[in-house]
Amino acid sequence: SAEAPLYFSVVVHIEPAEWYSEEEYYFRDADRMRRFAEMIVSHGGKMTIQTQPPFIETSGRLGDPFHQEMLDLGFEVALHFHEDEYVGKDSDNLPVETYVEAMSSLKFTIENTIGTTIANWSGANTYVDIWNAAFQVGFKTNSNYKNRYTQTSAPGFAVVNPWRPAGAENQDARIAHDPDSPIIYIPSGVYPIHCTRLEAVPRPYGYEAFDYVTRALSSSLEAATPGMVNTFYVTIHPGDFLIPDDDDEDFRVWEAWFTEVIDPLVDTGHLEWATIAEMAAAFEAWEAGQ
């Protein structure tokens, strides 16, 4: 129902791949994302770009304004946090101060590059004190939950309404709502929880992949609740376009999906493009009205 619109976004995870230290591979994926961004904008869309080193460090070293260009398009830049890369092994059992130091450093790197603050991150999904660490650093919005050991999620996350997680010590605590929690969790929608990497668009890109996403979108539209904030997003990686090694065909499939599935739903008011930050802002406005 258009009475319960679903906020919709594309989330980009930039991985901590060492090859992004090399100019050739950095520009390969930065330019691929620029092309994808142009397509998104042509459909009136929004993206959240969750970045991390070495990609953002190479961007700064080369003076490439990729991240600023994304901001100028109305997109969001945020952090994709692979904890083992920054806090070392046994990352589930480290003091909160270790996480605060690592996340502060990464937040500073991103903000120093883009010239504005960031508030959203994904990652550290199995660390029991992540909300405390994130709050100390200045983050307030989390997304993309999955157990990093199994790459699966849980039923409580396959929903459309954001909440404030009561704790992080286990999945039950994460899905319990505490109105006083400083962190807002933005769910990806009603995906089938038996699937791994549930909100990621399957690779290789093709009509079968988008059938999977469209079924999840349909389920999420059915679950959308009037009078509440409802959210749905898909997650991709720049390297996804390499499988198979035919970017043009991949872009044609995306264009067809936006044109045939997304645009009509936007036109009827069932979908509304938004970044993760904008979804969180809508949730805060909803809270204030309760």
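Q: Contact means heavy atoms within 4.5 Å. Leaving aside neighbours within four places in sequence, which residues is Asn161 in contact with?
A: This is a predicted model: local features need pLDDT of at least 70, side-chain atom pairs count only at pLDDT 80 or more, and totals for chains, interfaces and linings use all residues. Residues are numbered from 1 along each chain as its sequence is written; side-chain values use heavy atoms, with hydrogens and water left out. Asn161 sits in the loop between strand 5 (141–143) and helix 7 (171–175); helices (H or I, at least four residues) and strands (E, at least two) are DSSP runs numbered from the N terminus. Its contacts are Pro187, Thr225, Met228, Val229 and Asn230.

Q: How do helix 5 and helix 6 pack: oblique or roughly parallel?
A: Helix 5 (residues 96–114) and helix 6 (residues 130–137) pack at about 45°, axes 9 Å apart. Under 35 degrees is roughly parallel, over 145 roughly antiparallel, 65 to 115 roughly perpendicular, the rest oblique. So helix 5 to helix 6 is oblique.

Q: Is Ala124 buried or exposed?
A: Ala124 lies in the loop between strand 4 (120–123) and helix 6. Its phi is near 55°, positive in a residue other than glycine. Buried means under 20% relative accessible area, exposed over 50%, partly exposed in between (1.4 Å probe, protein chains only). Relative accessibility is 1%, so Ala124 is buried.

Q: What is omega at the peptide bond joining Arg203 and Pro204?
A: Pro204 is in the loop between strand 6 (184–186) and helix 8 (207–223). Most peptide bonds are trans. The bond joining Arg203 and Pro204 is cis, with omega about 0°.

Definitions and conventions:
Axes are lines fitted to C-alpha atoms, for helices over the stretch in contact, and angles run from 0 to 180 degrees between N-to-C directions.
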